[in-house]
Amino acid sequence: MSSHDHHGGALPAHPETATLEGKNKVLGFWLFLGGETVLFGTLFATFIALRNQVLDGKSGEELFSLAIVAAATILLLTSSLFSVLAVQAMNRQDVKGIQFWLAITVLFGAGFLGLEIYEFVHYVHEGHTIAANAFGSSFYALVGFHGAHVAFGLLWITLLIIQLSKKGLTTVTAPKVYVASLYWHFIDVVWVFIFTVVYLMGKVG
Amino acid sequence: MANHEQVQSSERIKRGPAHEGPRNHFIAFGISMALTLLAFVAVATPEFGNTFKVGFIIILALIQAFVQLAFWMHMKDRGHIFPIVGLATGFFVFLTALFMAVKLLWW
């Protein structure tokens with residue numbers, strides 16, 4: 001493999017936690033994800049409390065298209081698989097492999113974001129805006145906040161791919177790959193609850 | 001020697017057999033896809049009652065979150081006691097809050 005050219009061949013078996021800084025990054029990131037969970041929890045609770053307050057606007061049952069949501073779900077779920085394959089490539093110390101799988105992750109994530117933007121534009125034309133009713137406000141706060149996380153993740157992982165080609169896989173860059181992959185899985189786990197609570201429960205009524 | 005051990009395990013990773021490989025991750029992907037499909041199909045089936053549908057898809061979502069945490073977020077791998085304790089504590093607090101909101105405030 002040509003992977004050895006990038007780091008001189010002296011990388012430990014688990015480069016992401018080989019240094020104290022790397023270990024602390026992973027621990028700190030789990031604490032961050034804990035905070036994120038609480039944050040999304042409050043947005044979910046708000047949405048569940050307000051989801052039927054539509055005034056004279058359209059309800060979720062009338063607005064949502066399950067086909068688009070299913071497509072978005074498949075895109076995000078698959079991109080989550082690709083980001084774990086990037087970590088697998090990191091275990092093999094294969095820099096090109098990491099970059100390849102992260103790039104596909106970004107591609108599928110961008111597809112997800114594109115679908116979400118298309119969906120939001122469609123809803124606004126239907127009169128479902130953030131100011132229309134409490135359902136609208138809590139819907140865009142929750143789903144939009146998740147979409148913002150996806151957008152941030154795309155930017156982050158793209159920059160990581162660029163940094164990997166400049167610095168290669170080291171004990172400094174490895175924790176970043178690992179943590180970015182954790183972030184992306186977290187985004188996917190949150191989406192599992194969004195498609196369940198917002199869209200599927202919305203369709204049930 | 002710890003250093004010696006490390007070199008050995010890194011040799012093993014290069015050879016492959018002791019290394020986990022992507023198989024489990026594909027299995028997790030298959031399970032996630034199946035659970036997702038099941039949830040969509042359940043909601044689209046008019047024969048099921050609404051209460052059943054809601055309960056069913058929430059359980060499916062919890063299972064899927066558990067599978068993804070275990071496989072993709074490495075909770076089943078060694079050396080993850082600390083995050084597992086954190087997650088379990090958080091889940092306990094979540095259930096307590098949910099119980100309080102649903103059982104004590106609404107009814």
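L55(A) counts as exposed because it has 9 C-beta neighbours inside 10 Å; the cut-offs, with C-beta atoms placed from the backbone, are 20 or more other C-beta atoms within 10 Å for buried, 12 or fewer for exposed, and partly exposed in between. L55(A) sits in the loop between α2 and α3 (60–63) of chain A, where helices are DSSP runs of H or I with at least four residues, strands are runs of E with at least two, and both are numbered from the N terminus. Its phi is near 50 degrees, a positive value in a residue other than glycine. The model is a predicted one, so to speak of local features takes a pLDDT of at least 70 and side-chain atom pairs count only at pLDDT 80 or more, while totals for chains, interfaces and linings use all residues. Residues are numbered from 1 along each chain as its sequence is written, with chains lettered from A and ligands numbered from 1 in the order in which they are written.

Chain B has a positive phi of its own to look at: H74(B), not a glycine, comes in at about 65 degrees. H74(B) is in the loop between α3 (50–71) and α4 (81–106) of chain B, and it counts as buried because it has 20 C-beta neighbours inside 10 Å. Chain B itself is made of four helices and zero strands, giving α-α-α-α along the sequence. Of its 107 residues, 20% count as buried. As for contacts (C-beta atoms, placed from the backbone, within 7 Å), 47% of those in chain B between residues at least 6 apart in sequence join residues at least 24 apart.

Turning to the interface, 27 residues of chain A are in contact with 30 residues of chain B. On the chain A side, two or more residues each come from α2 (20–50), α4 (66–91) and α7 (173–204), with α7(A) giving the most, 11 residues.

The largest nonpolar core has 66 residues, and A86(A), M90(A), I98(A), V177(A), F195(A) and V198(A) touch the most other members. Such a core is a set of buried Ala, Val, Leu, Ile, Met, Phe, Trp, Tyr and Cys residues joined through C-beta atoms within 7 Å. The largest share, 20 residues, comes from α7(A). Leaving out residues up to four places away in sequence, V198(A) touches F47(A), F139(A), L142(A) and V143(A).

Terms used: Two residues are in contact if their C-beta atoms, placed from the backbone, lie within 7 Å.
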